[in-house]
Amino acid sequence: MADLLRLLLRVAEKAADVARVCRQEAPLFQLLVQEKTGDDKNKKFVQDFKTLADVVIQEMIRHDIGVQFPEMEGFIHGEESNKFENGLGESVAVTVCGTQQETAALLATVLDGNHTAASLLARAIHQDPATIDAHTDSLTVPLSPSELGIWIDPIDATSQYIEGREEVLEEGRLAPSGLHCALVLIGVYVRSTGEPVMGVINQPFNHKDPAGGGWRGKHFWGVSCGSINVCSVSRPEAAPGPGLSVVLSSSEKPVVKEALSSLCGPDKLMYASGAGYKILCVIQGLADAYVLSEGSTFKWDSCAPHALLRALGGGVVDLAECLRTDHLMELTYHQPDTECKGAERWANRGGLVAYRDCSQLRSVIAPLRDKL
Ligand code: 2IP
Ligand code: CA
């Protein structure tokens with residue numbers, strides 16, 4: 001597992017770099033922020049460059065894991081499909097090729113001959129990032145890669161990534177929106193039980209290099225398997241003052257906002273973008289819990305941060321199940337909902353609550369009873 005963790009940290013770093021390059025290099029940035037206009041409607045690449053950036057990152061992660069752990073191929077899932085249609089109506093499967101030149105040639109066919117953009121992307125994909133030393137050598141977990149599956153969210157909070165607002169952060173406060181909320185998420189689960197056992201999160205836009213070198217990222221990781229619980233973030237101290245702090249989506253139902261505002265008090269009910277980012281806020285102690293009453297997140301949004309929360313003694317439960325049965329049912333990652341079609345099969349349909357502390361979880365659920 002130490003080998004797999006090292007690989008995921010490295011490939012997440014590369015993914016974060018691709019995400020930064022797409023915003024930093026003018027030919028890519030123009031495609032990223034291009035508005036959909038009437039004439040361009042038929043040119044799929046213009047509408048979908050943001051999706052292409054997602055697909056490229058996902059396929060790069062899939063490729064690199066498959067090379068080192070062939071036994072995991074077939075069990076590496078992501079948010080995106082890799083099939084693309086270019087301006088000529090041709091269907092192209094985006095994959096990472098053996099060489100940078102081959103990848104550039106393939107990407108140029110999806111980008112309707114835009115060789116500059118294709119070469120820049122291919123260069124970022126084929127770069128060799130420095131190994132991240134996570135001091136994981138002593139990590140021994142009794143699981144082999146052939147027992148594990150992977151969920152990838154190449155860029156969570158895509159809308160914030162495209163919009164690209166640069167917020168100035170106060171120490172100890174969360175970022176309600178902006179580039180900070182965009183995350184690369186790679187989660188590992190046990191194929192037989194669906195339990196999340198390892199997570200790597202990379203925040204590509206964590207801080208600006210003081211020397212003017214642009215955005216720098218930050219990574220977070222956790223492993224939770226039986227009695228082995230290790231996390232790069234230490235368990236946060238309890239926040240000062242009374243009451244719990246909860247983070248919500250700004251589109252959360254009014255009834256949930258009202259029920260929780262009496263529990264938290266006005267200052268401690270907060271809003272932020274990005275499902276992954278909201279769970280990261282709980283991991284870092286910027287909020288005690290994240291409540292979502294709708295089935296609008298998916299396995300790829302929650303798997304990685306869920307593993308980190310488990311390593312800290314917390315977790316992510318199915319809200320509807322908690323309210324219906326009083327059983328604190330942790331989300332699992334191995335079984336689709338066969339009543340649904342397409343991406344919906346992998347939705348966290350009952351909503352969720354992410355928490356660090358079980359007694360806090362119960363306090364958060366109590367005021368929601370009979371309200372949903
Ligand atoms: C989205 C993204 C949204 C979030 C939604 C996720 O993933 O994180 O921000 O909504 O749940 O599925 P909200 O910000 O209201 O919580 P993606 O950007 O990958 O589609
Ligand atoms: Ca997502």
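**Around ligand 1**

Reply: Happy to! Ligand 1 takes up the space of the second largest pocket. Keep in mind that this is a predicted model.

Let's begin with the neighbours. There are 15 residues around ligand 1, and those that come nearest are Asp 156, Thr 158, Ser 249, Gly 274 and Lys 278. Sorted by class, this shell holds three nonpolar, seven polar and five charged residues.

Where do these residues come from? Two elements, β4 (148-156) and α9 (275-284), each give two or more residues to the shell. Strand β4 has the largest share, with three residues.

Now zoom in on the oxygen atoms of ligand 1. Asp 156 has a polar side-chain atom 2.7 Å from an oxygen atom of the ligand. For Ala 157, a backbone N or O atom is 2.9 Å from a ligand oxygen. Thr 158 also takes part through its backbone, where a polar atom lies 2.8 Å from an oxygen atom of ligand 1. As for cover, ligand 1 on its own has 450 Å² of accessible area, and the protein covers 75% of this.

Aromatic rings in a pair are described by how far apart their centres are and by the angle between their planes. The whole structure has five aromatic pairs. In one of them, the ring centres of Trp 151 and Trp 300 are 5.8 Å apart and the planes meet at 50°, so this pair counts as tilted. Trp 151 belongs to strand β4 and Trp 300 to helix α10 (residues 299-311), so the pair ties together parts that lie 149 residues apart in sequence.

Definitions and conventions:
Residues are numbered from 1 along each chain as its sequence is written. Chains are lettered from A and ligands numbered from 1 in the order in which they are written. This is a predicted model: local features need pLDDT of at least 70, side-chain atom pairs count only at pLDDT 80 or more; totals for chains, interfaces and linings use all residues. Side-chain values use heavy atoms; hydrogens and water are left out. A residue is near a molecule or strand if one of its heavy atoms lies within 4 Å of it. A polar contact is a pair of N or O atoms within 3.5 Å; within protein, one must be able to donate a hydrogen and the other to accept it, and residues adjacent in sequence count only if both atoms are side-chain atoms. Accessible areas come from the Shrake-Rupley method with a 1.4 Å probe; for residues, only the protein chains shown count as cover. On a 1 Å grid over the protein atoms alone, a cavity is a set of points where a 1.4 Å probe fits but cannot get out, and a pocket is an open set with protein on both sides within 12 Å along at least five of seven lines; lining residues have an atom within 4 Å of a point. A molecule sits in a cavity or pocket if more than half of its atoms lie within 2 Å of its grid points. Helices (H or I, at least four residues) and strands (E, at least two) are DSSP runs, numbered from the N terminus. Ala, Val, Leu, Ile, Met, Phe, Trp, Tyr, Cys and Pro count as nonpolar, Asp, Glu, Lys and Arg as charged, and the others, Gly among them, as polar. Rings of Phe, Tyr and Trp (its six-membered ring) pair if their centres lie within 6.5 Å; planes under 30 degrees apart count as stacked, over 60 as edge-to-face and the rest as tilted.
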